[in-house]
Amino acid sequence: MSIALNCMFLMLLVASSAAYPAALIFGFYNQTCPSAEELVRQTVTNAYANNSGIGAGLIRMHFHDCFVRGCDGSVLIDSTANNTAEKDAVPNNPSLRGFEVIDAAKAAIEAQCPGTVSCADILAFAARDGAILAGNISYQVPAGRRDGRISIAAEADEMIPAPTFNATQLVDNFKAKNLTAEDMVTLSGAHSIGVSHCTAFVTRLYNASTSTGIDPTISSAYAELLRLMCPSNVTRNDSRTVALDIITPNALDNKYYVNVNFNLALFTSDHALTTNSILAAIVNIYVKNGWAWADKFAQSMVKMGYIEVKTGTEGEIRTNCRVINPASSLSVIETLHGYDHASS
């Protein structure tokens, strides 16, 4: 790596290393539920042994949770007859997976420490454990998050960055959550594991204004391969999926950035990282230095975990991660009026 790129990386690292808010605490459950993190780890490890895709699913679920109403476990709440919840929004259904893992971890914890550990914290722990299993990327997770009581699909549709976003849209979307452009490029590396449904990228294969219909920013050979798996008339509920990373599909590593540079990434938003000189420079650093990416990925995951958290007496500790606790008459009135008493 050149001296210039080294210096650029160090400057970006310093720029994004501002002190985290003091609301969350490392070892938050050491006294009240000392086995909490180990119970989550055991649950995730068992699930991963049966399906290695769980690692990617849990990391993505944590991301999608944090970008809507903050890291409050609202993505875990089931829809009801009167409300379509986040998990059934277009960015989440049918693509999110791992809900049953969170359910199992919550049940194990409730058996030992009832009413103590939030679903939001369980999800944050589980995402970390997914990163360990899929990429040997380990980090400490500060905790103390409380669970939200509101989950609205339309908010997920609006706030979760789309696979069609360009560079400006991506940077602005992450900036709104107090994350830097470097954080955005770094967290995009989670696309080195997991799968995507065809509808997230099929327009790149058929609808471009070219003689072949193939988007010129994706390798034509790769596009032809993808066409074999994804027909032009594929629908949202089609079960067919494609690995996000063609090089190392089951490893959380820096090969995603190699894919990006060689036009082998699935999404328009992946290619967007090469269209801005600052973003492209970060991509090139990560292509050459997997350790630098892994270290920064851990930092950015911790930073993301602070987004708009509820702490103290805000929110609640859900007994069942899929259902909000029975509300007091006051909170029912507030919810009906569109207010979340947990965030006021």
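If you number the bonded cysteines of the protein in sequence order, what is the pairing?

Modeller: Keep in mind that this is a predicted model. With the bonded cysteines numbered in sequence order, the pairing goes 1-4, 2-3, 5-8, 6-7. A quick reminder before the details: a disulfide is a covalent bond between the sulfur atoms of two cysteines. Searching the whole structure turns up four disulfides, and I'll take you through some of them.

Let's start with Cys-33 and Cys-113, whose sulfur atoms sit 2.1 Å apart in a disulfide. This pair links distant parts of the chain, 80 residues apart. Cys-33 is in the loop between α1 (3-15) and α2 (36-50), while Cys-113 is in the loop between α4 (99-112) and α5 (119-135). The torsion about their S-S bond is about 80°, so this disulfide is right-handed. As for how hidden the two ends are, Cys-33 has a relative accessible area of 1%, so it counts as buried. Cys-113 comes out at 9% relative accessibility, and that is buried too, because the cut-off is under 20%.

Next up is the disulfide between Cys-119 and Cys-321, with sulfur atoms 2.1 Å apart. Here the linked parts of the chain are 202 residues apart. Cys-119 belongs to helix α5, and Cys-321 is found in the loop between α14 (290-304) and α15 (329-336). The S-S torsion of Cys-119 and Cys-321 is about -95°, so this disulfide is left-handed. Both Cys-119 and Cys-321 are buried.

Then there's Cys-198, joined to Cys-230 with an S to S distance of 2.0 Å. Cys-198 lies in the loop between β1 and α9 (203-206), and Cys-230 in the loop between α10 (220-229) and β2 (241-243), so the bond ties together parts 32 residues apart in sequence. The torsion about the S-S bond of Cys-198 and Cys-230 is about -65°, so the disulfide is left-handed. Cys-198 is buried, with a relative accessible area of 1%, and Cys-230 is buried at 0% relative accessibility.

While you're looking at β1 (195-197), check out the loop between α8 (181-187) and that strand. His-191 sits there, and UniProt marks His-191 as a "binding site" in an unreviewed entry. At 24% relative accessibility, His-191 is partly exposed. Ser-192 is in the loop between α8 and β1 as well, but Ser-192 is buried, at 0% relative accessibility.

Conventions:
Residues are numbered from 1 along each chain as its sequence is written. This is a predicted model: local features need pLDDT of at least 70, side-chain atom pairs count only at pLDDT 80 or more; totals for chains, interfaces and linings use all residues. Side-chain values use heavy atoms; hydrogens and water are left out. UniProt positions are given in the numbering used here, feature names are shortened, and annotations may be inferred rather than shown by experiment. Helices (H or I, at least four residues) and strands (E, at least two) are DSSP runs, numbered from the N terminus. Buried means under 20% relative accessible area, exposed over 50%, partly exposed in between (1.4 Å probe, protein chains only). A disulfide is a pair of cysteine sulfur atoms within 2.5 Å.
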